[in-house]
Amino acid sequence: MNEQQQFDTMVNIMKPEPHKILSVTHETQAEFTFRVAFDKPTHNGQFCMLSIPKVGEAPISISGKGDGYVEFTIRKVGRLTQGVFDLREGSTLFLRGPYGHWWPVEETFAGEDHHLLIISGGTGLAPVRTTLNYFYNNPDQIASLYLISGFKDVSGALFNEEREKWSKAEKFHTIYTLDASEAPGFETGMVTAHISKVPFDSFGDNYNVAIVGPPPMMHFSALECMKLGVPEDKIWVSFERKMSCAVGKCGHCKINETYVCLEGPVLHYPKARTLFD
Amino acid sequence: MGYKLNALTMDGILDALSKEYRVFAPKWDKAKKNVRFSQIRSVSEIVTDRQSDFSTKEAYYPISQVMMYFRSDTVEEEQLADERKILIIARPCDINAIRRLDTIFLENGNPDFYYARMRKLVFFALLECKESFENCFCVSMGSNQTDDYCMAFRFEKKDDGTAGDTYVEIKDPAFASYFESVSENDMVIDFKPKFVTENKKVMHAPDISRANLKAISDMEYWTQFDERCIGCGGCNTVCGTCSCFDTSDIIYEEGKPDGERRRVWSSCMIPNFTETAGGARSRKTQGANMRFKVFHKFYDFAARFGKENMCVGCGRCDMRCPRQISFFDTVNDLTKEIEKLEK
């Protein structure tokens, strides 16, 4: 009768699947990494909707991946994520995904004469961790990789072993920094204070910048990059937004005509900077 | 083809329809003291002399619905409780509003399972609007007309206020069979519903584009709502085009995993609509929330989907607001402010 009544109702895009938790790692007092059995292909920077017991769903970035598993690094922040911290190895976690646009790692970032700058704030290191490990494991695909990773203080510093490993890698240049305190192995100051140390002049035209963290940190990092002569089309950012569906329906993540769940979370900066909340 | 039927005959038709359809129409809710789309059995229940307080969407997109049940290691979809078709007797603005909901739920990414399985059961009967109500501006929004209906009805009242004759247009021949048994005394006529062509209120839609979006975003104009709007979300609740929802999980017994996931209508005017787990809000003021709503209804829905503006001009949000904030005035005043901006 009418065309609208022909649509397919077979697939329930909101239905999560049960996945076994393989291990739980305490990164810091407040941040745990859950390794979960998972065999779908994922891209660097994508996220899944995790069912947080007693609460509901929340979008969580994939912070690690390997043969038959993915990892999620979750920060204990109040009521919302509490239930997930009661889960143990062997527990079932319901999730769906992966969702969203990813860092253009293989498409744009990779290249034997390409340079990459990654700037992360706090837990923002999680969504770029798979990208960092991609280049750590494939050093022939990058000329150099600069990482500026900031944390509020040393107790919040994530992935200590991996950061150590990255800092020793031949093509990696790492700056770990604490906002206002001092600790061995860390500089002091906001990430923006360290961007000028990156030798953009030596990169020629072959470089890209990935920025992820709290909105003000991303904003000022992008501005600082542009002040140093980085064209805006070399910058990518990743947005964290409230989402109840991650499939373009619930409306929470929308900014103007853009649905972050569908077009993001990774957005090319020329687009991202034109979204006004 | 059409009919003019007395109330008794029309009730017989509704009775026959009810065997296959749940028939929804604007109906007085005694307990809540308002008019909402509810199931009806008799033409006398249909409220025609005023606008309904809520839109039609709740007839098939419930305020709260169970999506699935959780056991320790499995998740089970909620089954449809009633697979009967749904006939909604609605005005043109409301039928047009549902087309906007269809766009979000069926065209924005993959189709939504729960919406789609209900929506495919929905059929429309047009409720003729004889005249415009106080808050209507449907003509400005182009939503005063529709041809997306199976039947059209004009419900007349007798002098004593009881149900009078019903004029019927059968547009979809599939519905003709319900009328085959009407007696010869009931007139077979050629009835076509009329549409409202003029409202008292005229909306001058603002000219918002990518070129002026930032300037409009930054306008002082929005701050007037910071204090005035209390963020109750009533406007979104009664809106026929608002589709946003939250999900929330309930466990049946503390310490056990069994529970359910519900989805519940949400509202962009509620202060924590954008709040993430850490407590950060993307939009921090009621002015920012109002701007978001106005942009959605008068700019970005149209820009994203290449369609008409989202608002259908039913005016229910203006009827609902406990702080007498008129969305109609808000948008019209914005249009004037934008004109000043561009001079």
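## Burial criterion and model

A residue counts as buried if 20 or more other C-beta atoms lie within 10 Å of its own, with C-beta atoms placed from the backbone. The structure discussed here is a predicted model.

Phi of A:Asn256 is positive, near 50°, although the residue is not a glycine.

A:Ala246 is another non-glycine residue with a positive phi, here about 70°. The loop that holds A:Ala246 runs between β12 (235-238) and β13 (254-255) of chain A. Because 29 other C-beta atoms lie within 10 Å, A:Ala246 is buried.

## Cis peptide bonds

In chain A, the bond joining A:Gly97 and A:Pro98 is cis, with omega about 5°. A:Pro98 belongs to strand β6, which covers residues 92-99 of chain A.

A cis peptide bond also leads from A:Gly264 to A:Pro265, where omega is near 0°. A:Pro265 sits in the loop between α6 (260-263) and β15 (266-268) of chain A.

## B:Pro193 and its surroundings

Leaving aside residues up to four places away in sequence, B:Pro193 is in contact with B:Leu126, B:Glu128, B:Ala152, B:Arg154 and B:Glu169. Where does B:Ala215 lie relative to B:Pro193 in sequence and in space? The two residues are 22 positions apart in sequence, and their C-alpha atoms are 44 Å apart.

## Largest nonpolar core

In soluble globular proteins, nonpolar side chains tend to be buried together. The largest nonpolar core in this model has 171 residues, and the members that touch the most other members are A:Val237, B:Ile89 and B:Phe153.

For A:Val237, the contacts beyond four places in sequence are A:Ile211, A:Val212, A:Met218, A:Ala222, A:Leu267, A:Tyr269 and A:Ala272.

Key. Residues numbered from 1 in each chain as written. Chains lettered and ligands numbered in written order. Predicted model: local features only at pLDDT ≥ 70, side-chain atom pairs only at ≥ 80, totals over all residues. Helix = DSSP H or I, 4+ residues; strand = E, 2+ residues; numbered from the N terminus. Buried ≥ 20, exposed ≤ 12 C-beta atoms within 10 Å, placed from the backbone. Contact = placed C-beta atoms within 7 Å. Core = buried A, V, L, I, M, F, W, Y, C linked by C-beta atoms within 7 Å.
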